[in-house]
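Here is a short briefing on one protein model. Look at its strands first, then at its charged side chains.

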Amino acid sequence: MYISNLLLLVSGPIFIMETEDWFKLKKYPHVDLPLSISDYKWIKSYVKDENKVKNHSFLPLIHKCIVKRKYRADETNPYRTKSGERKRIIGKPKVRHIYYASHMDSLVFSYYNSLLADAYEKKIRQEKFNDCIVAYRKIPLFEESNKNKCNIDFAKSAFQFIKNNSEKKLSVIVADVTSFFDRLDHKILKKQWARILDEKSLPKDHFNVFKALTRLRYVESDQLFNSYHGNMLVEKGVPNNDKQKEVKRIKIESNRYFKEKNAIAYCTKKEFLKNNLNLIISAKNKIGIPQGSPISATLANIYMWDFDNAIFEKTNSINGFYQRYSDDLIIVCEQRHEDKVIDTLRDRIKNGENLEIHPSKTKVYRFEKINGIFKGFEIDEVTKEHNYNRTLEYLGFTYDGEKVLIKSSGFSKFYRSMKRSFKKSTSLALHSKNPDKSLFKSRLYKRFTHRGAKRKLIHRPSKSDPAKYVKTKKYYWGNYLSYVYKANDTMKPINNSDNIKRQSRKFWRNFNLLMNFHENRLRK
């Protein structure tokens, strides 16, 4: 059963409502219509009512797979490019399983995430290992700063520790937990959840949220899409009326075009309950929580509390360094402690958290002075053979003991994105009704050059006078070059130069080559 049209009336002056941080509206398609800022008051009242959350009926999640291609240098091929790089091959792709909650469920998760995050912060600030846990937290750059640290600052702290101990022979262990979110033990999670709340067992409202995450019920996105024969609910403007919008069901060829067509739902909640209950899959696992829900990240930190404390105590006792960013962790110690630290790491996470750090997910590097120069290089954990061509990689950066650089894969990803955008813009120009067939140059310049790299405060129309604009609390965060420039400035105390900024020197040339190529295509 399809719905034909729904009119969503938007009238009156544009206004800005102050909301709490947990109230984050999303536009992804689900089995309910997206919520709006006008829903804030009743949603706030609902999620803060423990009795309502205790009895809240969660809709199934929608499951999608995100496949990330990997390019690796072909070590078996002696051929190199003019710049000296090896020929690249496509490696085994990385598949991430993402689960999306309905819009209302997502806000319930988000509110309870705020409760848990506050409780976690209150407790961990009293612990010695507070500075070691850096992911999914708001950590000020310095005391009373209104700006928070990011992965650049966390990577710098690790590299700075290595540099400050350059007189020693160091080992650096970088590892990540195998299938982290998929293997969290439900019994341990429940125990740690209650512990953070200072409760012996979970309150009934928290327990209902816990059940929604652990007794997983989901629908495959492709099956749901096909069940409506590709007909999606999309939001469209009403002709000759800029204050009204309508929801229509239209045919969309592929989920790749959801954003372009402004798709907002597969169906309504009423339609789903009537037509699609047969698509629900129930996973009866005793381990794992969905990756992608607003609360998953905080639960991961809560789950790892005892592990973080134990590893910090171990590394601190040998004057080492420990840091964990989600499932990625780094330990720096003197080389004489290397084997014992690795054994402690694997034994603790297996017997304490029922997780695993596989040898294939562990990289070991050594830093020491060679011919008077402090150098870093990878070693084989078993054979202890040296590989001087591979240097430490952590949080998107490389460090060889002398300079910090952004990993080349980051620049490659940015360049591929640039090429795709030019290709798409050209296609839109060729098939547009505009007679001059021109590219949207300003958008391309903003996304891919220094002209769009400046970060700035966003202004919006005033409540009282829509013709006037007032400051908001939101920022335009720039583009990838903003990240490059920030990384360059942050790492300069280690590099003593603009090494990172120089990595981006070819972007302007490549951008103009693509611009000229695609403009010539349009002229033909």
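Two strands pair if DSSP finds at least two bridges between them. Strands (E, at least two residues) and helices (H or I, at least four) are DSSP runs, numbered from the N terminus. The model is predicted: local features need pLDDT of at least 70, side-chain atom pairs count only at pLDDT 80 or more, and totals for chains, interfaces and linings use all residues. Residues are numbered from 1 along each chain as its sequence is written, and side-chain values use heavy atoms, leaving out hydrogens and water.

**The sheet**
- Four strands make an open sheet with mixed pairing, in the order β5-β2-β7-β11.
- At the edges are β5 (94-100) and β11 (281-282), each pairing on one side only.
- Seven bridges join β2 (residues 61-68) to β5 in the antiparallel sense.
- K68 faces K94 of β5 across this pairing.

**Salt bridges**
- A salt bridge needs a side-chain nitrogen of Lys or Arg within 4 Å of a carboxyl oxygen of Asp or Glu.
- The count is 26 salt bridges.
- R324 and D308 form one of them, at 2.8 Å from N to O.
- R324 sits in strand β12 (residues 321-325) and D308 in helix α11 (residues 305-317), so the pair ties together parts 16 residues apart in sequence.
- K403 and D400 form another, at 3.6 Å from N to O.
- A network of salt bridges links E338, D339, R366 and K384.

**Buried or partly exposed**
- Buried means under 20% relative accessible area, exposed over 50%, and partly exposed in between (1.4 Å probe, protein chains only).
- R324 is buried at 1%, and D308 is buried at 0%.
- K403 is partly exposed at 32%, whereas D400 is buried at 12%.
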